[in-house]
Amino acid sequence: MRAARRIVVKVGSSLVTNDGRGLDERAIGEWCRQLAALAGEGREVIMVSSGAIAEGMKRLGWATRPHQLHELQAAAAVGQMGLAQMYESKLRQNGMGSAQVLLTHADLADRERYLNARTTLLTLLGLRVLPVINENDTVVNDEIKFGDNDTLGALVANLVEADVLVILTDQKGLYTADPRKDPSAAFVHEARAGDPALEAMAGGAGSSLGKGGMITKILAARRAAGSGASTVIAWGREPDALLRLFAGEAIGTLLVAPTQKSQARKRWMADHLQLRGAVMVDEGAAAKLRQEGKSLLPIGMVAVEGDFSRGDVIAVRDPSGAEVARGLANYASAEARLLCRKPSADIERLLGYVAEPEMIHRTNLVVTR
């Protein structure tokens, strides 16, 4: 925890809204103070916050969560106003800029939108602006019906390659059984993310306000571990929980990712994505990729195969046709054909814009031969 540089923190509806009584100004202020302090230590922090629907219900005078999708959408639209305003105010008081980012699962499933979201978030972090992320419940039906922000927190952790995902909840952490029903339930201090035994321990949703429960947190930890991020599940009202956690104190349940970030990323790139096309490169570019771990620049490309979009996984082939590497394309195939044998300085002149100076950046590339 002490070494973690990029952190995603997710907080649930019952905490944000004080069990539905309206936005908890004091609690949100405390989290914002801690997040700003972590940023002051040189860490990059992102908040994934539930609470829009619950706050909207309070503002509309609804005592129970509605079932009709159009009513849930209306509540989300009303509540999002107050949620964003509260975070902006509390972060500004602690010297931090803030930005509201509304995402859907579809944004993170589409590779081009995935890259756009990633670039935006990393740019905000570079500007010392703290992104506050929520699902775009107002416009996407299935996000309200099936989505939960534990899953979104894991997806964001993967998106930005976070070191740690922290899920703040109304429980101290994970128990071997539901402690509200089984007095013999033992607290789980540490376990391996993805262990099937963890799912058997988790119960259903514990609140009428949110859609999640401990099971969604266990599944989120497993998903985050796929990119090498460990997960902590902790009580959101623990005093200075975030500061103490990243000072090295054992708080909550730590679910350790079984693979290191770099190993997980290489395995993901090499084994789990279908190739949509290829670029042929000259011997010089192939040697730089193989021997020096460089990015692929347009000037080293000699031909383009297939029909692919920005963000698709493509192969890089040497003059003999052998695969040298594979990675995420920064430009679509039609654009790549225009860039072959051209210096990066000419990209804007040829395309009218510049996404990246590289065709494939080295962090999105794995050498295969």
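**A chat about helix and strands**

Author: This is a predicted model. In helix α2, the buried residues are A27, I28, G29, W31, C32, Q34, L35, A36, L38 and A39.
Reader: Nice. What does α2 lie across?
Author: α2 lies across β1 (6-11), β2 (44-49), β4 (129-135) and β5 (164-169), and runs at about 155 degrees to β2.
Reader: And what span should its 16 residues have?
Author: At 1.5 Å a residue, they should span 22 Å, and the end C-alpha atoms of α2 are 22 Å apart, which agrees.
Reader: What follows the helix?
Author: G42 follows α2, and its phi is positive, near 95 degrees.
Reader: Switching to the sheet, what is the strand order?
Author: It's an open sheet of eight strands with mixed pairing, ordered β3-β4-β2-β1-β5-β9-β10-β8. β3 (97-103) and β8 (190-192) each have a single partner strand, so one side of each is left without a neighbour in the sheet. On average, neighbouring strands here are turned by 20 degrees against each other, direction ignored.
Reader: How does β8 run relative to β10, parallel or antiparallel?
Author: Parallel, with three bridges joining β8 to β10 (residues 253-256). A191 has L255 in β10 as its bridge partner.
Reader: Now β11, is that covered or uncovered?
Author: Mostly covered: five of the five residues in β11 (residues 277-281) are buried. G277, V279 and V281 point one way, while A278 and M280 point the other way.
Reader: Which strands are joined to β11?
Author: Five bridges join β11 to β12 (residues 301-306), running antiparallel, with G277 opposite G306.

Notes
Residues numbered from 1 in each chain as written. Predicted model: local features only at pLDDT ≥ 70, side-chain atom pairs only at ≥ 80, totals over all residues. Heavy atoms only, no water. Buried < 20%, exposed > 50% of the residue type's maximum accessible area, 1.4 Å probe, protein only. Helix = DSSP H or I, 4+ residues; strand = E, 2+ residues; numbered from the N terminus. Pairing = 2+ DSSP bridges. Expected span 1.5 Å × (residues − 1). Axes fitted to C-alpha atoms, helices over the stretch in contact; angles between N-to-C directions. Contact = heavy atoms within 4.5 Å.
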